[in-house]
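Please open the structure in a viewer and keep the selection panel at hand.

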Amino acid sequence: MNLFRSEEHIERWLGGRPPGATIGVTTLNELARAWWSDRLAPNWRPHTREQNQAILDRIGLTGPFWRLP
Amino acid sequence: MDERDLALRASTYGLFVELGRAPTTDEVAEAAGSSVAEVQSGWQRLHDQHAIVLDPTTAEIRMANPFSAVPTAYRVHADGRWWYANCAWDAFGICTVLQGDGRIQASCPDCGEALSIVVSDGRPDDESLLFHCLVPAAHWWDDIVFT
């Protein structure tokens, strides 16, 4: 789960491996804020799979790649 | 996850933020008023539930996501300290959990060029960067260190 300067850098880094998913850093920031916001909260409880999937869906990260087990 | 393990997790995370590094079993046992053996067994249960990640060789903390207990390529300055994040996602997560802005320093895995992002008012200052996730979500926890 890395940051890159551009698509060209990703392709070169992959070196022929099948790519995963690429999103912009703005979307990543939104994802991080939704995913981690309660992590230090005193009343923290583990997220269910459904809660986490809903976060991904809400941010537009849909499709088989983003489907949690 | 029962109340005992939730309390152990809260104590562990609290110490991580207070100390600026991963606490040891001794430190958590002292803070929680329990034994080292109780902390070790509790940490194992938390590890099994993906609430923390233990180092398989030392049984000490490897990850208390989004924080990393070991140096990584993702450094974050937030809340007056430098932290290590497990990945780019977690780097933004550290800014989030510390409820403030931050500076993320990393390097492009391809060319090694330094990347520096300031998160201010909850937004990154360079919106041109890209995040690549190699492993599909269904397999993130198959090998979380690789993911």
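Select B:Gly33 to begin: this residue, just after α2(B), takes a positive phi of about 65°. Helices here are DSSP runs of H or I with at least four residues, strands are runs of E with at least two, and both are numbered from the N terminus. The model is predicted: local features need pLDDT of at least 70, side-chain atom pairs count only at pLDDT 80 or more, and totals for chains, interfaces and linings use all residues. Residues are numbered from 1 along each chain as its sequence is written, while chains are lettered from A and ligands numbered from 1 in the order in which they are written.

Step back now into helix α2 of chain B, residues 25–32, where the buried residues are B:Thr25, B:Val28 and B:Ala29. A residue is buried if 20 or more other C-beta atoms, placed from the backbone, lie within 10 Å of its own; it is exposed if 12 or fewer do, and partly exposed in between. Because they cover an arc of only 100° around the axis, these residues are on the same side of α2(B); the arc is that of the directions from the helix axis to the C-beta atoms. The buried residues of α2(B) pack against α1 and α3 of chain B.

Select those two helices next, α1(B) at residues 3–19 and α3(B) at residues 36–48; they pack at an angle of about 95°, with their axes 10 Å apart. Axes are lines fitted to C-alpha atoms, for helices over the stretch in contact, and angles run from 0 to 180 degrees between N-to-C directions. The angle makes α1(B) roughly perpendicular to α3(B), a term for 65 to 115 degrees; under 35 counts as roughly parallel, over 145 as roughly antiparallel and the rest as oblique. B:Asp5, B:Leu8 and B:Arg9 of α1(B) make the contact with B:Val39, B:Gly42, B:Arg45 and B:Leu46 of α3(B). Two residues are in contact if their C-beta atoms, placed from the backbone, lie within 7 Å.

Move to strand β4(B), residues 74–78. Its covered face holds B:Tyr74, B:Val76 and B:Ala78, and its uncovered face holds B:Arg75 and B:His77. Five bridges join β4(B) to the antiparallel strand β5(B), residues 81–85; two strands pair if DSSP finds at least two bridges between them. B:Arg75 stands opposite B:Tyr84 in β5(B). The hairpin of these strands has two residues between them, and B:Asp79 there takes a positive phi near 55°. β4(B) also pairs with β6(B), residues 102–107, in the antiparallel sense over three bridges, and B:Val76 stands opposite B:Ile104.

Show both chains for the next stop. Which strands form the open sheet here? The order is β1(A)-β9(B)-β2(A), with antiparallel pairing. β1 and β2 of chain A are the edge strands, each pairing on one side only. Three bridges join β1(A) to β9(B), residues 130–133; in β9(B), A:Phe4 has B:Leu130 as its bridge partner, and A:Asn2 has B:His132. α2(A) lies across β1 and β2 of chain A together with β9 of chain B, running at about 90° to β2(A).

Finally, colour the interface: 35 residues of chain A are in contact with 36 residues of chain B. On the side of chain A that touches chain B, the largest share, nine residues, comes from α2(A).
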